[in-house]
Amino acid sequence: MSRHGRVHTVLSRRGRKHVVVGEPVDNAAVLRRPDDVPVVEEFSGERLAPVRPATLFGMARNTGEENRALPPAAFLKAPATVTDPGAEVPLPEGIGRVDAEVELAVVLGAPLRNGSGSEVLEHVLGYTVGIDVTARDAQREDPLWTTAKSRSGFSPLGPWIETETDPAHARISLLRNGSPVAEGSTGELARGVVEVLEFLSELVELRPGDVVLTGAPGTYAPVAAGDTVTALISGIGELTVGVTSRAAHTRVERNRTGGGEH
């Protein structure tokens, strides 16, 4: 969140909110000791994405039990795709079908390399709600998925970082314009958080502030300009964003920054 021109991290633990000045990457050490952070019953300010990752991973082929027969696979999304709660996701004209996929997002709090078993969870700062926006037509045409997933605003994160929740059995829901359209559970994923972090940390060192989107267990639906998308994960919270055309988004941004026509 942004308050009085300064960035703050909102951490949630057992439903109690802790607010610390600075980005999560800078606050990783103190945020791993949330009992040392004063509890804030009420807080105000502009809600921002709770983390700005240096690296944003996504898991492919991890949406259901049928994927167990396939080797694990991952992809990268540009960190600049991350956007805030309440933001607008701009869709280019003629982009075709676009899906919003609701996923558990893992936020790293300590370096992790070649992790094994449940000890990998000791390197996790917490969890937040992620929406992996994907342009399906572009995904079929682009084998690297860059044009499908690495567009501006295609990775909403929020509302805060939850440090104590069960990532193995979290219920996930997707609402479009207030109506439920998809539900699932992290327990339905082919690989849970531990296996995902084992796989990724064998490839490369995971660092504080890195974010991993773990996959959508059937929790996706098509969206279009004018829609409102709400993502809910039990034990964490709710993330809502709007969907707009890129042309309309550009006009709004120009007016907001004073660059409109006079």
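Select A100 first: opposite it, in strand 9, stands V133. Keep in mind throughout that this is a predicted model.

**Stop 1: strand 9 and its partners**

Colour strand 8 (98-108) and strand 9 (124-135). Strand 8 and strand 9 are antiparallel, with 11 bridges between them. Now select strand 10, residues 155-162. For a landmark here, pick G130; L157 in strand 10 stands opposite. Show the surface of strand 9 next. How many of its residues are buried? The count is 12 of 12, so the strand is mostly covered. While you look along these strands, recall that side chains in a regular strand alternate between the two faces of the sheet.

**Stop 2: R136**

Select R136, in helix 2 (residues 136-141), and D99, in strand 8. R136 and D99 form a salt bridge, with 2.9 Å between the closest N and O atoms. The pair links distant parts of the chain, 37 residues apart. Are these two residues buried or exposed? Both R136 and D99 are buried.

R136 lies over the face of the Y220 ring, 5.9 Å from the ring centre.

**Stop 3: K149 and D132**

Move to K149 and D132. Their salt bridge brings the closest N and O atoms to 2.6 Å. K149 sits in helix 3 (residues 146-149) and D132 in strand 9. Why does K149 count as buried? Its relative accessibility is 2%, and buried means under 20%. D132 is buried as well, because its relative accessible area is 1%.

**Stop 4**

**Stop 5**

Select E205 and R207. Their side chains meet in a salt bridge, at 3.2 Å from N to O. E205 is partly exposed because its relative accessibility is 34%. R207 has a relative accessible area of 52%, so R207 counts as exposed.

**Stop 5: helix 4**

Select helix 4, residues 193-203. Which of its residues are buried? They are V193, V196, L197, F199, L200 and S201. Now show what lies against them. The buried residues of helix 4 pack against strand 4, strand 5 (73-77), strand 8, strand 9 and strand 13 (211-213). Strands 8 and 9 are the antiparallel pair from stop 1.

**Stop 6: A54**

Finish at A54. Where is it? A54 lies in the loop between helix 1 (24-31) and strand 4 (56-60). A54 is exposed, because its relative accessible area is 64%. Draw a C-alpha to C-alpha distance from A54 to G209: the two are 6.8 Å apart in space and 155 residues apart in sequence.

How values were computed
Residues numbered from 1 in each chain as written. Predicted model: local features only at pLDDT ≥ 70, side-chain atom pairs only at ≥ 80, totals over all residues. Heavy atoms only, no water. Helix = DSSP H or I, 4+ residues; strand = E, 2+ residues; numbered from the N terminus. Buried < 20%, exposed > 50% of the residue type's maximum accessible area, 1.4 Å probe, protein only. Lys NZ or Arg CZ within 6 Å of the ring centre and 35° of its normal. Contact = heavy atoms within 4.5 Å. Salt bridge = Lys/Arg side-chain N within 4 Å of Asp/Glu carboxyl O. Pairing = 2+ DSSP bridges.
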